[in-house]
Amino acid sequence: LFCAAECGKRGKSVLIVEHNDSPGKKILISGGGKCNFTNINASHTNYISQNPSFCKSPLSRFTPQDFIKLLESRRIEYFEKKDGQLFCSKGSKQILNLLLEERANNNVEILYNTEIENVEYDGDYKLAFSGGESRCKSLIIASGGLSIPKIGAGPFGFEIARKFGLNIIAPRPGLTPLLYNQRDAVVFSGLSGISVNVETRIKKIRFRENLLFTHTGLSGPAVLQISSYREETAPVIIDFLPGTDFQKAITERRNEKILLKTFLSSFLPARFAEVIAESFFNNKFLNNMSNKDINRLVEFVKNYNFIPSSSAGFEKAEVTVGGVDTKELSSKTMEAVKQPGLYFIGEVVDVTGQLGGYNFQWAWASAFAAGQFA
Ligand SMILES: Cc1cc2nc3c(=O)[nH]c(=O)nc-3n(C[C@H](O)[C@H](O)[C@H](O)COP(=O)(O)OP(=O)(O)OC[C@H]3O[C@@H](n4cnc5c(N)ncnc54)[C@H](O)[C@@H]3O)c2cc1C
């Protein structure tokens, strides 16, 4: 929608082909219904890509401030939740309405309930879709990633890329809950609903945020964030007490006759403290714990080695990591280097934002870039 309006502003005749019965379904459900539409601190360091520098140029030519100006010109109210994350005060619908108005003001036509059946290239692109055909000089693929198939996500963009010989970085779910393995399910599923401030780590990547226990796995921002960086079988290290020298704290009191669960509950939620103490240490008194027990406890609390059975998959993922290889695209125009007139923007490209408004900022910025050239 945003890219189409930009092309329309340049006097181009633009047609959007949408297979859903209505536009912007992801916008409507985003940010818990308030759409975290940008992050004022967005920089290339907030994105995952085989080429982390690729997004620099589009992000610098359409910045969070540019999107904010657009909102302010329509008097759309917004607020900062935390760390530069901007949300709509009156709900996501306002962002969608803004885009639909931009589209209408710039003479962009839109077809709903329309499935593209075939695309051929003979110098122009020839599209065959349910109920018609169209010819165009520029074909812009903005079909998103694979996450949340039930609202229309699918592999269309990747299929077009492959058809024209473009490489795809294997897509995988990102910003997704991680499911318990059998052992963790036994002890953790009963903690469903409990939230703890933790640090999650994979190699040098770390996030200090909340973790949420659910019936089936770990969720919450700390886990969603790290899930995007996880290769298939890699463990996630969890520090349940970031910023606390737990080794020192327990050493100071280890000769006291105090139940482990009582000691732990001064640091962690009581039910979690109880589960650790009872399931892993028979709820001993501190003065009865061996050095081995103490070391194991410190490892558990500070370096928990979480090995998920899998992620919750594309059904629950907020984004798709991977996508059309940026090596195939110009970062100035988003056009395919070896296929004139074919553009890829937004989530279908191998540029994936962290949680916090970065994915929409990438969608706007890449759309703006293509919108100046297509
Ligand atoms: C639950 C949830 C919450 C999110 N919250 C946030 C947030 O608060 N902030 C943030 O920055 N990001 C958020 N995201 C991510 C963000 O929504 C996406 O990164 C962003 O929408 C990508 O934009 P896009 O235009 O590339 O793709 P999409 O928004 O997915 O749009 C693609 C469009 O193409 C259509 N389409 C797909 N295939 C076809 C086809 N074959 N034929 C015709 N049309 C097709 C789809 O129906 C859809 O309308 C969230 C995602 C989810 C799932």
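**Strands and pairing**

Trainee: How many bridges join β7 to strand β8?
Mentor: There are 5 bridges joining β7 to β8 (residues 125-129), and the two run antiparallel. Strands here are DSSP runs of E with at least two residues, numbered from the N terminus, and two of them count as paired if DSSP finds at least two bridges between them. Please keep in mind that this is a predicted model, in which local features need pLDDT of at least 70 and side-chain atom pairs count only at pLDDT 80 or more, while totals for chains, interfaces and linings use all residues. Residues are numbered from 1 along each chain as its sequence is written, and side-chain values use heavy atoms, with hydrogens and water left out.

Trainee: Which residue is the bridge partner of Glu-120 in β8?
Mentor: That partner is Lys-126.

Trainee: And what order do the strands of that sheet have?
Mentor: The order is β7-β8-β9 in an open sheet of 3 strands with antiparallel pairing. β7 (116-121) and β9 (132-136) stand at the edges with a single partner strand each, so one side of each has no neighbour in the sheet.

Trainee: Switching to β5, are its residues buried or exposed?
Mentor: Gln-85, Leu-86, Phe-87 and Cys-88 of β5 (residues 85-88) are all buried, meaning under 20% relative accessible area with a 1.4 Å probe and protein chains only. Gln-85 and Phe-87 point one way, whereas Leu-86 and Cys-88 point the other.

Trainee: What stands opposite Gln-85?
Mentor: Asn-39 does, and β2 (residues 36-39) pairs with β5 in the antiparallel sense over 3 bridges.

Trainee: How many residues lie between β4 and β5 in their hairpin?
Mentor: There are 4, and Asp-83 in the turn has a positive phi of about 45°.

Technical notes:
Buried means under 20% relative accessible area, exposed over 50%, partly exposed in between (1.4 Å probe, protein chains only).
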